[in-house]
Every structure is written in structure tokens, then in C-alpha cells.
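Please look at the sequence and the structure first.

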Amino acid sequence: MKFRVYRYDPESGQKPHMQDYDIETFRGMMLRDALKAIKAQDETFAFRHSCGEGVCGSDGVNVNGTNKLACVTPIADLKEPVEVRPFPGRPVIRDLVVDMTQFYEQYKAIEPWLKRKEPTPEQEILQSPADRDKLDGLYECIMCGCCSTFCPSFWWNPEKFLGPQALLSAWRFLADSRDQAKDERLDFLEGPYKLFRCHSIMNCVEVCPKGLNPTKAIGHIKELMLKKAV
Ligand code: SF4
Ligand code: SF4
Ligand code: FES
């Protein structure tokens with residue numbers, strides 16, 4: 001099977017280019033297996049991966065124009081030649097490895113932990129099964145970055161717009177019955193950029209390998225803000 005892969009080593013002084021590889025395939029082969037086969041042919045090629053099970057979130061790449069996790073992408077579903085590029089809109093460190101610092105900064109900015117005004121109980125903070133259910137579709141995010149790096153609003157304003165991953169996570173804490181910092185969380189999201197730069201284009205929903213829906217989460221935050229304002 002033919003692959004066309006983005007190659008760039010900023011230290012080499014050469015310009016980025018696409019390099020062709022021919023890979024022998026096997027039944028059930030995933031894109032990560034193909035990238036490993038390329039690496040076996042050419043040890044100068046760099047890409048990130050770890051768990052191989054769609055859990056660690058480290059092997060996100062852009063494949064034939066769409067962001068995907070390599071280890072859960074069957075090559076049988078891909079059109080030849082398979083074009084593999086780094087995530088769009090992020091600085092390239094080498095080949096398919098990008099700098100995700102800004103993405104992690106945005107996650108950190110939403111303060112992704114439970115905040116309490118009341119003293120924490122000695123054993124546990126109780127939650128009803130119905131309230132626990134509200135976190136389904138939110139807590140499963142593996143922080144792969146497929147969504148944020150496929151979001152046009154994040155490409156243009158990565159420092160000001162929090163992006164779909166951070167906003168999904170912001171809603172994860174706003175929706176949690178155990179969290180007691182709703183007002184300060186909403187105050188933080190005020191303004192034209194952090195939240196409201198989302199134009200509901202839904203690229204994020206299209207590419208999430210866990211089937212999550214950041215656009216819906218963003219809609220819930222906007223509703224809550226409106227309620228707070230009236
Ligand atoms: S819906 Fe919002 S967050 Fe998702 S890709 Fe579009 S602009 Fe980005
Ligand atoms: S919301 Fe989905 S695409 Fe975005 S970081 Fe989480 S798991 Fe990845
Ligand atoms: S290698 Fe861990 S998610 Fe793909």
C-alpha cells in the first residue's frame with residue numbers, strides 16, 4: 001500500500017516535503033502499524049505513539065485531510081496513496097510530532113479539578129446515580145487533541161479561544177454536582193474569545209475518536225451563561 005508522509009526536520013535546514021513509502025499490509029492492520037513499518041524502513045522518521053489501544057491519546061495525526069488516532073484507524077478504510085501529515089495549526093517539532101503546549105495550557109486554564117467551598121468530607125463527596133450520569137460523554141476525553149487542532153477558531157486564535165477539548169472539560173466540571181465553583185468558572189469564560197469564538201462548525205465532533213460532542217457541551221455552557229445573565 002502506498003503512503004505519502006510529511007517529513008520535516010527543522011534542524012536539517014531543508015524545507016518540509018512529502019516522502020513516498022510502499023508498505024506491505026496485513027489483515028486488520030491499523031495506521032499505527034503502517035507508521036511503525038515506515039519507521040522500520042527509515043529510522044529517521046519520527047511519530048508519537050504509546051498504548052496502541054486508543055487510550056493514551058498520543059498518536060493523533062492528519063490522514064487524508066482529517067484528524068485521526070493512528071492506532072484505531074484501520075488502513076482498509078483509507079484511500080491510496082494515504083497522505084499522513086502532522087496535526088494542522090501546531091508548530092512541527094519533527095515529521096508528525098507537533099508541539100502541543102498551547103493545547104495543554106488551555107486545558108490547565110479551565111482548572112480541571114473539583115473545587116469546593118464546603119469542607120471536603122472525610123470519606124467521599126456523595127453523588128446520586130442521576131447526577132453521575134450527567135458526566136457520561138464528558139469524562140471519557142483522552143486529550144488526544146484531534147478536535148482542537150481541527151477547529152478553525154483554534155487555528156486562528158489558539159491563545160485566546162480555549163478550543164473544544166478545554167471547553168468540553170469546562171462543562172465536565174460545570175455539570176458535576178460535587179463542584180461548587182460554577183459562578184467563578186462562568187466568569188472566567190466571559191468575553192468574546194474564550195468560549196464565544198466557537199462558531200458551531202462541528203469539526204470537533206466529526207473527528208473525536210471517542211465519539212464525544214464538544215459542540216453540545218459548548219452549547220450547554222452558553223445556555224448556563226444566558227441563565228446567569230437574566
Ligand atoms: S464547533 Fe466550535 S469548537 Fe467545534 S470545531 Fe467548530 S468552532 Fe471549533
Ligand atoms: S474531545 Fe475527543 S478529540 Fe477532543 S481531545 Fe477529547 S478525546 Fe480527543
Ligand atoms: S497509541 Fe495510545 S491512543 Fe493511539
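This is a predicted model: local features need pLDDT of at least 70, side-chain atom pairs count only at pLDDT 80 or more; totals for chains, interfaces and linings use all residues.

Two strands count as paired if DSSP finds at least two bridges between them.

Strand S1 is joined to strand S5 (residues 82-85) by three bridges, and the two run parallel. One place to look is Phe 3, whose bridge partner in S5 is Val 82. S1, covering residues 2-7, also pairs with strand S2 (residues 17-22). Here the two strands run antiparallel, and six bridges join them. Within S2, Asp 20 is the bridge partner of Arg 4.

These strands belong to a protein with eight helices and seven strands. Its C-alpha atoms fill a box of roughly 60 × 35 × 30 Å along the principal axes. Of the 230 residues, 32% are buried. Among contacts between residues at least 6 apart in sequence, 66% join residues at least 24 apart.

Which residues touch the most other members of the largest nonpolar core? They are Leu 167, Ala 170 and Ile 221, in a core of 47 residues. Elements that give two or more residues to this core include S1, strand S3 (60-63), helix H1 (31-41), helix H5 (163-174) and helix H8 (214-229). The largest share, six residues, comes from H5. Domain 1 (2-98) and domain 2 (101-229) both give residues to the core, so the core lies between them.

Ile 221 shows some of the contacts in detail. Leaving aside residues up to four places away in sequence, Ile 221 touches Leu 167, Ala 170, Trp 171, Leu 174, Leu 189 and Leu 195.

Notes. Residues are numbered from 1 along each chain as its sequence is written. Chains are lettered from A and ligands numbered from 1 in the order in which they are written. Helices (H or I, at least four residues) and strands (E, at least two) are DSSP runs, numbered from the N terminus. A residue is buried if 20 or more other C-beta atoms lie within 10 Å of its own, exposed if 12 or fewer, and partly exposed in between; C-beta atoms are placed from the backbone. Two residues are in contact if their C-beta atoms, placed from the backbone, lie within 7 Å. A nonpolar core is a set of buried Ala, Val, Leu, Ile, Met, Phe, Trp, Tyr and Cys residues joined through C-beta atoms within 7 Å. Domain bounds come from an automatic or database domain assignment.
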